[in-house]
Amino acid sequence: MKHAMTNMDAAGAGSLGPEARRAIDMFLRDWDKRMMLPSWLPTYKRAKESFARLIGTEENSVAGVPNVSTAAGMVANALSVGPRSSVVTSDMEFPSNYYPWILCRRRGATVKVAKSRGFRVPLEELERLIDDRTILVTLSHVTYTSGFRHDLEKLCRLSHRLGAFVFVDAHQSAGAIRLDVTESDVDFLATGSSKWLSALPGAGFLYVSPKVIDKLHTFLPGWLGSADPATVDAEEFVEADGARRFETGTPNILGYVAVGVALERLLDFGMERVEERILSLTGWLMEELDGLGFDVVTPRERRLRAGIVSFKGSSDSGVVVSELFERGIKVSHTEAGVRVSIHYTNKEEEIEHLLKSLREICPAG
Ligand SMILES: Cc1ncc(COP(=O)(O)O)c(C=O)c1O
């Protein structure tokens, strides 16, 4: 490879920042000592506290989970399927937020899938499917293909009016745009650590609203999810009072060391500034892509998008991705075309380099 790589693929895998890298090195150097001391527990808790701040809640409402798939599977199994038996989702979900609900069919649930139009899911289509038999509405806050963003407040208002819970897959939004679970009133929200949180994989988070925690049943008990993890001779399993009851055993400590530092970096910069920078850079990129003759699939309105810009042209998207890779630019592609992800750490010159490369690869868009 002739060039240093520029990562514009946070929607696939984000870049590890220098602070997280240093924290990982330090942790590894120290591992023999740490192994003997339970000093990792405070580090793990601190990472959860930072994530809680990022999404506008308290640490007690956040559990450490390896990834979104695990979080969705846990919530799916913690719900009781009774008279309320339908789950509403969309045809724009990643399998992590689809398979667990499909499996609920074996327990008598039905799954209703809202149809997208032009890589967007219209709220009216969801309104048509949600009714008083809906147990849960589950959607990606930002879809992994076109980058279309749902309005969480409207979605929660609509779902709650009919008594349904809302599960949000925030894997393409947490770390890119502001999130406030208290304001939007979501019931569950999950994300992984290696995309917009810019850390290593396997150190994700699940938020469970205090309003719903006691309506769920625990099905996967572990010492870390018990009321008192220090007790080893209890005869009964008593679960923690908050979201920690979704935790099981020893977590991926190295992963939480990295994500904890990456979260602090985001919080120091400030999520308002992160979001503003991302929306400005992506807005500029979309205008330039228009000028080059590409068909931009991502919505233009700021409130309907985040850090993903997807576009199609006359060349095959896979070929464009490979050609860009040869020029030192990492992006990816989905059924919505070439997918560029712009994080707040990406520089204006990198976007100029991307545009110059696209002009060379696809002179006619
Ligand atoms: C929206 C979305 N959700 C979930 C996932 C996968 O999450 P995990 O591997 O953490 O289960 C992806 C991966 O691309 C994604 O884009």
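Which elements make a right-handed β-α-β unit? Strand β5, helix α6 (residues 152-161) and strand β6 do, where right-handed denotes a clockwise path from the first strand over the helix to the second, with the strands pointing away from the viewer.

## Basis of the model

The model is predicted: local features need pLDDT of at least 70, side-chain atom pairs count only at pLDDT 80 or more, and totals for chains, interfaces and linings use all residues. Numbering starts from 1 along each chain, following the sequence as written. Helices (H or I, at least four residues) and strands (E, at least two) are DSSP runs, numbered from the N terminus.

## Domains and their contact

The chain is assigned a domain 1 of residues 6-16 + 270-361 and a domain 2 of residues 18-268; the bounds come from an automatic or database domain assignment. The centres of the two domains, taken over C-alpha atoms, are 27 Å apart. Domain 1 gives 25 residues to the contact and domain 2 gives 26 residues, with contact defined as C-beta atoms, placed from the backbone, within 7 Å.

On the side of domain 1 that touches domain 2, α9 (271-291) and β10 (308-312) are the elements that give two or more residues. The largest share, five residues, is that of α9. By residue class, this side of domain 1 has 14 nonpolar, seven polar and four charged residues. Nonpolar covers Ala, Val, Leu, Ile, Met, Phe, Trp, Tyr, Cys and Pro; charged covers Asp, Glu, Lys and Arg; the others, Gly among them, are polar.

Strand β6 (residues 165-169) is mostly covered, with five of its five residues buried; buried requires 20 or more other C-beta atoms within 10 Å of the residue's own, exposed 12 or fewer, and partly exposed lies in between, with C-beta atoms placed from the backbone. In a regular strand the side chains alternate between the two faces of the sheet. In β6, Phe165, Phe167 and Asp169 are on one side and Val166 and Val168 on the other.

Strands count as paired if DSSP finds at least two bridges between them. Strand β5 (residues 134-140) runs parallel to β6, joined by five bridges, and Val137 stands opposite Val166 of β6. The pairing of β6 with strand β7 (residues 188-191) is also parallel and has three bridges. Here Asp169 has Ala190 of β7 as its bridge partner.

## Helix α3

Helix α3 (residues 68-78) is largely enclosed by the rest of the structure, because eight of its 11 residues are buried. These are Val68, Ser69, Thr70, Ala71, Ala72, Met74, Val75 and Ala76. The buried residues of α3 pack against β2 (62-65), α4 (99-103), β6, β7 and β8 (204-208).

## Ligand shell

The ligand is surrounded by 13 residues, the closest being Asn67, Ser69, Phe94, Tyr144 and Gly192; a residue counts as near if its C-beta atom, placed from the backbone, lies within 6 Å. Three residues of the shell are nonpolar, nine polar and one charged. Ser69 is also among the buried residues of α3.

## Positive phi angles

Asp185, not a glycine, has a positive phi of about 70 degrees. Asp185 is in the loop between α7 (181-184) and β7 and is partly exposed, with 17 other C-beta atoms within 10 Å.

Ser198, in the loop between β7 and β8, also has a positive phi, near 55 degrees. Ser198 is buried, with 27 other C-beta atoms within 10 Å.

Methods. Contact = placed C-beta atoms within 7 Å.
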